[in-house]
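Student: I would like to request a close look at a single part of this structure.

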Amino acid sequence: MFNIEWLIIRFSSLFTLCGIILDLEIIFFVIGFLLIHISLGICSILYDYVHIQKIKSFSFFLVKISSIEIAKNIMEFFF
C-alpha cells in the first residue's frame with residue numbers, strides 16, 4: 001500500500017525548507033541575529049561574573065572585535 005499524500009507532504013516540506021535555506025536574505029538575517037545573540041550573551045556573562053574593571057573592559061573590546069571578525073569571515077564565505 002502506497003500513500004501518495006504522505007509522499008506529497010514530505011516533499012513539499014523538503015522543498016519549502018530548501019527554499020528557505022537557499023534564500024540568502026534569510027540566511028543573512030539569521031546569521032546577524034545569531035551574532036547579536038551570542039555577543040549579548042557573552043557580554044552579560046562578563047558583566048555578571050568579571051569584577052575587575054580593566055579585565056571587563058578589555059573583554060568587552062575582544063567580544064566586539066571577534067564579532068566583527070566572525071561577520072567578516074561569514075561574508076567572505078558567502079561571496
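How many residues does helix 3 have, and what distance does helix 3 reach from its first C-alpha to its last?

Tutor: The model is predicted, so local features need pLDDT of at least 70 and side-chain atom pairs count only at pLDDT 80 or more, while totals for chains, interfaces and linings use all residues. Residues are numbered from 1 along each chain as its sequence is written, and side-chain values use heavy atoms, with hydrogens and water left out.

Helix 3 covers residues 53-78, has 26 residues and reaches 38 Å from its first C-alpha to its last. Helices here are DSSP runs (H or I, at least four residues), numbered from the N terminus. The span is close to the 38 Å expected at 1.5 Å a residue, the expected value being 1.5 Å times one less than the number of residues.

The buried residues of helix 3 are K56, S59, V63 and S67; buried means under 20% relative accessible area, exposed over 50%, and partly exposed in between, with a 1.4 Å probe and protein chains only. These buried residues pack against helix 2, residues 24-49, where contact means heavy atoms within 4.5 Å.

Two packed helices are described by the angle between their axes and the distance between the axes. Helix 2 and helix 3 pack at an angle of about 165°, with their axes 10 Å apart. Axes are lines fitted to C-alpha atoms, for helices over the stretch in contact, and angles run from 0 to 180 degrees between N-to-C directions. The two helices are therefore roughly antiparallel to each other, a term for angles over 145 degrees.

The contact is made by residues including L24, I27, F28 and I31 of helix 2 and K56, S59, F60 and V63 of helix 3. The residues of this contact divide into 16 nonpolar, three polar and one charged. In this scheme Ala, Val, Leu, Ile, Met, Phe, Trp, Tyr, Cys and Pro count as nonpolar, Asp, Glu, Lys and Arg as charged, and the others, Gly among them, as polar.

From the side of the partner, helix 2 has 26 residues and reaches 37 Å from its first C-alpha to its last, close to the 38 Å expected. The buried residues of helix 2 are I27, I31, L35, S39 and L46, and they pack against helix 1 and helix 3. One of them, S39, has a relative accessible area of 17%. Not counting residues up to four places away in sequence, S39 touches V63 and S67, and both V63 and S67 are among the buried residues of helix 3.

Key: Angles under 35 degrees count as roughly parallel, over 145 as roughly antiparallel, 65 to 115 as roughly perpendicular and the rest as oblique.
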